[in-house]
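Please read them with the structure open.

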Amino acid sequence: MQASRILVIARLAWRNVTRQYARTATALAAVTLGVAAIVIAGGFVHDVYEQFGEAIIHSQYGHLQIYRKGYSAKGTQRPLDYLIDPRAPMMNRLKALHEVVSVLARLRFVGTANAGGADLPIVAEGVQPDLENRLGTFVHLVDGRLLQAGDRDAVIVGDGLAKALQLRPGMALTLNVVTREGALNSLEFMTVGIFRSHSKEFDARAIRLPIESAQDLLGTGGHNEIVIELRDTRATERTAAEAAAALASGGYEIRTWRDLADFYGKTIQLFDRQFGFLQALLLLLIALSVSSTINASTFERLPEFGTMIALGDTRRDVSQLIVTESVILGILGSALGTCAGSALALLISAVGIEMPPPPNTDIGYVARIQVVPIVLLTAAIVGSIAAALGGLAPALKMSRMAPVEALGRAL
């Protein structure tokens with residue numbers, strides 16, 4: 001009996017929604033615009049997350065980095081105390097993991113760079129040029145060229161450091177380091193390129209040179225960082241767990257790019273809070289708009305509701321009718337909003353939005369609006385809940401009104 005009563009109310013609510021064209025259009029417009037705004041904003045935020053993350057991965061950190069235990073805490077001061085033997089079987093184990101595209105060796109060290117009499121502290125990386133160039137798709141070449149296989153005495157320099165030392169491609173650069181035995185060693189290199197990554201801070205001190213040259217400079221044959229590139233960034237955590245299992249007995253530590261990029265985590269937290277506030281604000285605006293529309297409609301239909309109560313319907317039935325109409329409007333508006341938002345997202349993405357450089361970088365980018373299933377679902381839920389909430393106040397008001405007062409509105 002109760003189920004049939006609910007079905008009757010739902011049918012009546014649907015009939016009322018479809019026959020009140022003007023009020024329905026107004027409420028639907030409010031819900032549709034609000035839901036579409038959430039879809040667009042959410043798609044933009046997710047695009048920022050993805051592009052920022054990929055820039056970090058493909059200009060500096062890779063997806064995973066592996067070191068000897070203790071390197072993260074003390075390796076900056078004494079990087080040569082945490083060397084990894086290039087003949088270690090771990091490299092083959094890592095290459096065998098399902099999502100791994102390439103495994104890169106790096107020799108990271110600190111020292112000073114001298115050009116034209118100026119000395120500046122630097123953080124240098126001995127790298128494998130071919131593998132680094134494939135990984136570093138977000139490294140922007142400002143001048144000159146990248147390192148190539150076969151280079152021995154060539155270096156590329158971060159844009160900030162190049163400006164500080166007034167370096168240009170073709171100029172000599174001397175690197176000074178302290179070897180593991182405590183001796184001072186210096187070698188002269190030729191600057192072949194100037195690059196820019198996602199981070200101004202990194203570019204202000206960064207130098208890259210072939211790993212063999214770095215080993216000659218430091219008097220060692222090993223490396224202290226292993227960088228892993230994956231096919232899919234979404235597989236980062238899973239591959240980190242697989243790598244940990246493969247290297248369980250080797251005394252290594254594994255860090256993901258999220259662990260290394262502290263600034264990324266803080267940026268995500270900031271955007272999440274801003275997007276959450278936007279969702280709450282739009283929910284309130286949709287609820288107020290729907291409530292205003294339903295309120296006006298309820299006032300005009302008071303004689304209708306009074307007649308229903310006089311013929312035997314309860315005030316609860318009338319209140320349920322009003323709320324059901326609001327829910328229907330919310331569902332329809334959410335469906336229209338997600339479709340409209342998705343269409344706009346695809347249209348905007350086809351054109352692209354030129355964005356200025358984010359904080360801590362000099363590189364702008366082209367933003368797009370991603371169509372993200374979880375955002376579509378969230379937007380639809382927010383729109384439906386907001387519309388339902390919008391119908392509560394008119395329903396409550398109607399439940400407290402006497403039938404005689406409602407019928408009197410017809411006179």
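Predicted model: local features only at pLDDT ≥ 70, side-chain atom pairs only at ≥ 80, totals over all residues.

1. Two cavities of 30 Å³ or more are present. The largest cavity has a volume of about 100 Å³.

2. The lining consists of V127, P129, E132, N133, G136, V139, L146, L147, I156 and R208. Helix α5 (residues 129-135) makes the greatest contribution, three residues. By class, six of the lining residues are nonpolar, two are polar and two are charged.

3. Largest pocket. Its volume is about 800 Å³, and 34 residues line it. Q60, Y61, R108, R205 and L260 are the lining residues nearest the centre of this pocket.

4. Make-up of the largest pocket. At least two lining residues come from each of α2 (21-61), β1 (64-68), α3 (71-74), β2 (100-115), β3 (118-127), α7 (200-203) and α11 (262-300). The lining divides into 18 nonpolar, eight polar and eight charged residues.

5. Second largest pocket. This pocket holds about 440 Å³ of space and has 19 lining residues. Nearest its centre lie F52, P358, T361, I363 and Y365. The elements giving two or more residues to this lining are α2 and α11; α2 gives the most, with five.

6. Which classes make up its lining? There are 13 nonpolar and six polar residues, and no charged ones. The lining of the largest pocket, by contrast, includes eight charged residues.

Methods
Residues numbered from 1 in each chain as written. Heavy atoms only, no water. 1 Å grid on protein atoms, 1.4 Å probe; cavity = no way out; pocket = protein on both sides within 12 Å on 5 of 7 lines; lining within 4 Å. Points joined across faces, edges and corners; volume = space filled by probe spheres on them. Helix = DSSP H or I, 4+ residues; strand = E, 2+ residues; numbered from the N terminus. Nonpolar A, V, L, I, M, F, W, Y, C, P; charged D, E, K, R; others polar.
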